[in-house]
Every structure is written in C-alpha cells, then in structure tokens.
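Trainee: I have the coordinates open. Can we go through them residue by residue and then helix by helix?

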Amino acid sequence: RKHAELLALFSNPRVPDSSPLVLRPLHLGQELKFLMRALPHEHLAVEPAASIGDLAPAVLAHNPRIILFSGHSFMGSLAFELDDGRIDLPPAAAFISQLSREAAPRLQCVFLNGCHTAALGHKLVEEMPWLCVICWCSITEDAAARAFATGFYDAVGDFIFNEEQIRIELAYWLGLKRMYDQGFRLGDPATYLHPPGHPHHSAPVFRGCDGCCPPVHGNVVLL
C-alpha cells in the first residue's frame, strides 16, 4: 500500500438551530493551505469533511506516520461530520480502536488540533503507549492553534525534504516557537473570560480588558 507521512482529517460540522451546542466556524481552509505548502504532496493524504467512517479506509490506504485531526471536540469525543454535514460525536473508543499497531504499523504520532482534546490524548497514550500525542488541554484561539500547526507542519516538511527521520518532539517545539514568534502565549484563556451576564458580553472592550481579550491563547502539550 502507498505510504503517507501525514494523514489529515479536517472536520467542520454544523449543528441544528435547535441544538444547545454552539459551534464557531473554523478556518480550516487556511490550515489546509499551509499544510499543503509545507509537505510534499506525495507524502500527504487529506480527508476533508471527515467522518468517523473515513478513518479506517484512510489508515489502511495510506499507513501514515502522523495522523492529524483538526476540528472541534466535546466531552472527550472528536466532532466528525455525517454525510449531510451535521455533527457526529462517536465515543473515544471508536477513534482509538482504529489506530492499533495492526491497522497502522507505522503510526508514530497523533495530533489533535482542537480545544479540550487532552482527555482523548491521555486515553490514547494509556492504551497505546508507543504513540506520542499532541493535544490542547484548554480552549484555544483559532489563530494560535493555526500558528502552532503551521510551525509543526513546516518542521515535518523539512524532515521529509531532507530525507531525515521525523523528530516529533523537535517539530512540537518548533510549533511553539512559531506561536511565540507570532505573539501568542501559552495559558488557558478561560481563566480570564468574563462570567455569564457580564456587560462586556454585549459590548466587548478589546483594548485593556483581559476578560474580552485574554493575554494567553491556549495550552498545547506533547504526551
């Protein structure tokens, strides 16, 4: 089977108007553009509007070294898409079970580029201790997540172009460097946000108010 160094799953589902969930639209096209510029096309496989059903065939077809999921998560589940674009929240086990050594013998790293993905990341490394996982243990600003991801992708692409072994830990640190170089800082923005009912929810103050514009932008960790 054809090998891909990185298999990317992008998901940006919608929820019904009656749903209590509120999903911010994600600018996944920007992230995909940077990813395609960073990696040689023959080493990259992309599943747009990904469903959980797309995962097993894609892993089988490409035998990736890195799997990326970019999208939302809720209560430990990744937010995949159904055929009509609506949200699907399969249990964590449905995702983890498809990443076994038998299914993905070359798999080295899973990158969960979405808010509050650390719970799933910890489950992954507990069940599959040979993997390393990059994930977010907080909410994160979209631009900060994109900055980290582009630094990571550029590092992975450089390893591939130079025919070197992909060093995940170094790529992680280069992602952090890109974040900092673009003015973003590690930390949980939720600790600064205003409580419900605060007057700034209806009239935000973006200069000088940490509750409207937190000075930190998300915590990304390597497990």
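Trainee: Where is the place of Leu-7, and is Leu-7 buried or exposed?

Mentor: Start with the element: Leu-7 is in strand E1, residues 6-10. Strands (E, at least two residues) and helices (H or I, at least four) are DSSP runs, numbered from the N terminus. The relative accessible area of Leu-7 is 0%. Under 20% is buried, over 50% exposed and in between partly exposed (1.4 Å probe, protein chains only), so Leu-7 is buried.

Trainee: At which pLDDT do side-chain atom pairs count?

Mentor: Residues are numbered from 1 along each chain as its sequence is written, and side-chain values use heavy atoms, without hydrogens and water. This is a predicted model: totals for chains, interfaces and linings use all residues, local features need pLDDT of at least 70, and side-chain atom pairs count only at pLDDT 80 or more.

Trainee: How far apart in space are Leu-7 and Val-110, C-alpha to C-alpha?

Mentor: Look at the surroundings of Leu-7 too. Leaving out residues up to four places away in sequence, Leu-7 touches (heavy atoms within 4.5 Å) several residues, including Ala-45, Val-59, His-62 and Leu-68. Val-110 is 103 residues away from Leu-7 in sequence. In space, their C-alpha distance is 9.7 Å.

Trainee: Which loop holds Ala-49, and what is its phi?

Mentor: Ala-49 lies in the loop between strand E2 (44-47) and helix H2 (52-62). At a relative accessible area of 44%, Ala-49 is partly exposed. Ala-49 is not a glycine, yet its phi is positive, at about 45°.

Trainee: And His-116: where is it found, and what is its phi near?

Mentor: His-116 is found in the loop between strand E8 (109-113) and helix H4 (118-127). With 44% relative accessibility, His-116 counts as partly exposed. Its phi is positive, in a residue other than glycine, and near 50°.

Trainee: How far apart are the C-alpha atoms of Pro-214 and Asp-188?

Mentor: Pro-214 sits in the loop between H6 and strand E10 (220-222). Its relative accessible area is 15%, so Pro-214 is buried. Not counting residues up to four places away in sequence, Pro-214 touches Pro-189, Tyr-192 and Leu-193. Asp-188 is 26 residues from Pro-214 along the chain, and their C-alpha atoms are separated by 8.8 Å.

Trainee: Which ring does the charged end of Arg-101 sit over?

Mentor: The test is NZ of Lys or CZ of Arg within 6 Å of the ring centre and within 35 degrees of the ring normal. The charged end of Lys-33 sits over the ring of Phe-34, 5.6 Å from the centre. For Arg-101 the distance is 4.1 Å, and the ring is that of Trp-130.

Trainee: How many aromatic pairs does the structure hold?

Mentor: Rings of Phe, Tyr and Trp (its six-membered ring) pair if their centres lie within 6.5 Å; planes under 30 degrees apart count as stacked, over 60 as edge-to-face, the rest as tilted. Ring pairs link Phe-111, Trp-136, Phe-148, Phe-152, Tyr-153, Tyr-172 and Trp-173 into a cluster. The structure's count of aromatic pairs is 10.

Trainee: What is the geometry of the Phe-148 and Tyr-172 pair, and which helices do they lie in?

Mentor: Their centres are 5.7 Å apart with 65° between the planes, so the pair is edge-to-face. Phe-148 is buried at 0% relative accessibility, and Tyr-172 is buried at 8%. The pair ties together parts 24 residues apart in sequence, because Phe-148 lies in helix H5 (residues 142-161) and Tyr-172 in helix H6 (residues 168-181).

Trainee: At what angle do H5 and H6 pack?

Mentor: Axes are lines fitted to C-alpha atoms, for helices over the stretch in contact; angles run from 0 to 180 degrees between N-to-C directions. The axes of H5 and H6 are 7 Å apart, and the angle is about 140°.

Trainee: What does that make H5 relative to H6?

Mentor: Among the residues in contact are Phe-148 and Phe-152 of H5 and Tyr-172 and Met-179 of H6. Under 35 degrees is roughly parallel, over 145 roughly antiparallel, 65 to 115 roughly perpendicular and the rest oblique. H5 is therefore, relative to H6, oblique.

Trainee: How are H1 and H5 oriented to each other?

Mentor: Helix H1 (residues 28-38) packs on H5 with axes 8 Å apart, at an angle of about 15°. The contact includes Phe-34 and Leu-35 of H1 and Tyr-153 and Phe-161 of H5. H1 and H5 are therefore roughly parallel.
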